[in-house]
Amino acid sequence: MMNKTSKLDLFNLIEETVDILENNNSLYEKAVLEITSILSGLFVEFEELMDVHTRIKSASSLKEKIIRNKLYKLHKKPQELLDNLSDLIGIMLECRFNKNEDEFYQVIKEHFSEVDESGMYYNSKTPQMLFDLKTKQPQKQKNGHGIYRIDGYYVIEGEKVNFELQIKSLVNKFWSDIEHKVIYKNNVYIDNSGYIMEMLSAIKGNLVGIDKMLQLVNDQIKEKSVEKRKGHIDFERAIAKLISDTFIAKMSESIGFTVGFKKICDLISSYIVNKYKDLPVTGAQAAFLDLANRFDEIYSRDINWEEELYLEGEFVGEDRFCQIFGDRLISYMNTDFEWHLFFLILFQIESDNNNLISFNQFMRTLKNSYSDKLLYKELYKTYDEESAEMIYNDITEFLAFALSATASISIIDSKNEKIIRLIDDIISYIIYNFSSYDDFIKNRRNVQLFILDKWGE
């Protein structure tokens, strides 16, 4: 009769192997930190690196693998089994897109290019880290899909610790999570496996399409970022979102409905960034934090959207441009709802019980956008300084009349290409037709008509 208390040899092997695993856990954790540090340093310049994921084989996973892969038949001693476990430590480089997987693999091949006597690849700066780069990549899985999986080992405190490095894009990581956690780690009996595999193939195909779409979006964003200073556009959009989120909520709370004012949010955000454009990065960050605090305070206010706006005194412009433009904007402030919204929001953000100061500052910034002498540099190259200055003063006055003749809020957009082209056309017209300031004065009325005609086109 058999002894009922005897245990299968494979379970003794499993228990002893798990004991070694758990006793060495601190060594493995140290190895993980050092491996991660080396790989992170290698890809520090790569914005495509999203994350570095790590894991040490758990006791339950080790037990399952020993049985599933019948490792108990290959290895009779626990230490021997661990020494031949290729994925004792798992490292995954997560990149943005499928095409980045091969790019990352090539970086690893180029960096770990020296070969030791056993055929393992290393770099002389980190000789303790070795890769098997002889295996063709990507490797084919049982499901037919490719995966970048590289075996290696790390020498620490005289011990060789095996690790497996995988390189996966965002969508391929998602796909592997579906396969691993939903299907292969699901011990529930599933019939009609052919149908399941067809569904998985369809999911994989959709993910490949998603990767391509994400790549297109990323390329488009990069193209747009070239057109603006790095970081500038993000700052501007963040402010616009703060404005939108805060004031849409306040409007709904006050009058029970909202109107679309994305354009107003964008214009106020652009105006604020334009004011802070010469600040250093730390100054801009501090300004943004101040704004965020201001919006928190605004959110607690009662805002009346129906009352007329007013200035606490008479507006006196710094020059003719500001006076002409400013007077016209004041006339729009309570007669055009779009302008009313614009100044109501601007005063809430910038004014501490003195709208006049805020309005003066706004006009000064606007003047700097359209009467910036850099825009008129060709005048100063063509005429003597005194003549160029007098022509400049007349042009900016004419421009103020022309721009403010319309109630369109887009006239305050400092990036309005139509206005910039108009200024270029005016200067070209004057330089081509008038050889002196006296000629210009004699034809002053023609210049005014030219500006009005051009602006009306």
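Here are some friendly notes on this predicted model, point by point.

1. **Overall make-up.** Let's start with the whole chain. The protein has 457 residues, and 42% of them are buried. Its secondary structure amounts to 19 helices and 8 strands. Taking contacts with a separation of 6 or more, 70% are between residues 24 or more positions apart.

2. **How helix 16 meets helix 19.** Helix 16 covers residues 385-404 and helix 19 covers residues 444-456; their axes come within 10 Å and cross at roughly 40°. What does that angle make of the pair? Helix 16 and helix 19 are oblique to each other, because an angle counts as roughly parallel under 35 degrees and as roughly perpendicular from 65 to 115. The crossing of helix 16 past helix 19 is right-handed.

3. **Who makes that contact.** From helix 16, the contributors are Asp394, Glu397, Phe398, Ala402 and Leu403, while helix 19 supplies Arg444, Val447, Gln448, Ile451, Leu452 and Trp455.

4. **Ile409, in a loop yet buried.** Ile409 lies in the loop between helix 16 and helix 17 (417-433). Is Ile409 buried or exposed? Its relative accessibility is 0%, so Ile409 counts as buried, the limit being under 20%. Leaving aside residues up to four places away in sequence, Ile409 touches Lys263, Ile264, Leu267, Glu338, Trp339 and Phe342. Take Phe342 from that list: it is 67 residues from Ile409 in sequence, and the C-alpha to C-alpha distance is 8.6 Å.

5. **Lys65, a buried lysine.** Please have a look at Lys65 too, which sits in helix 3 (residues 59-68). Lys65 has a relative accessible area of 13% and is therefore buried, since buried means under 20%. Which residues does Lys65 touch, not counting residues up to four places away in sequence? They are Lys57, Lys70, Leu71, Leu85 and Asp87.

6. **Cysteines.** A disulfide is a covalent bond between the sulfur atoms of two cysteines. How many disulfides does the structure hold? The count is 0.

Definitions and conventions:
Residues numbered from 1 in each chain as written. Predicted model: local features only at pLDDT ≥ 70, side-chain atom pairs only at ≥ 80, totals over all residues. Heavy atoms only, no water. Axes fitted to C-alpha atoms, helices over the stretch in contact; angles between N-to-C directions. Helix = DSSP H or I, 4+ residues; strand = E, 2+ residues; numbered from the N terminus. Parallel < 35°, antiparallel > 145°, perpendicular 65-115°, else oblique. Left-handed = near helix turned anticlockwise from the far one by under 90°. Contact = heavy atoms within 4.5 Å. Disulfide = S-S within 2.5 Å. Buried < 20%, exposed > 50% of the residue type's maximum accessible area, 1.4 Å probe, protein only.
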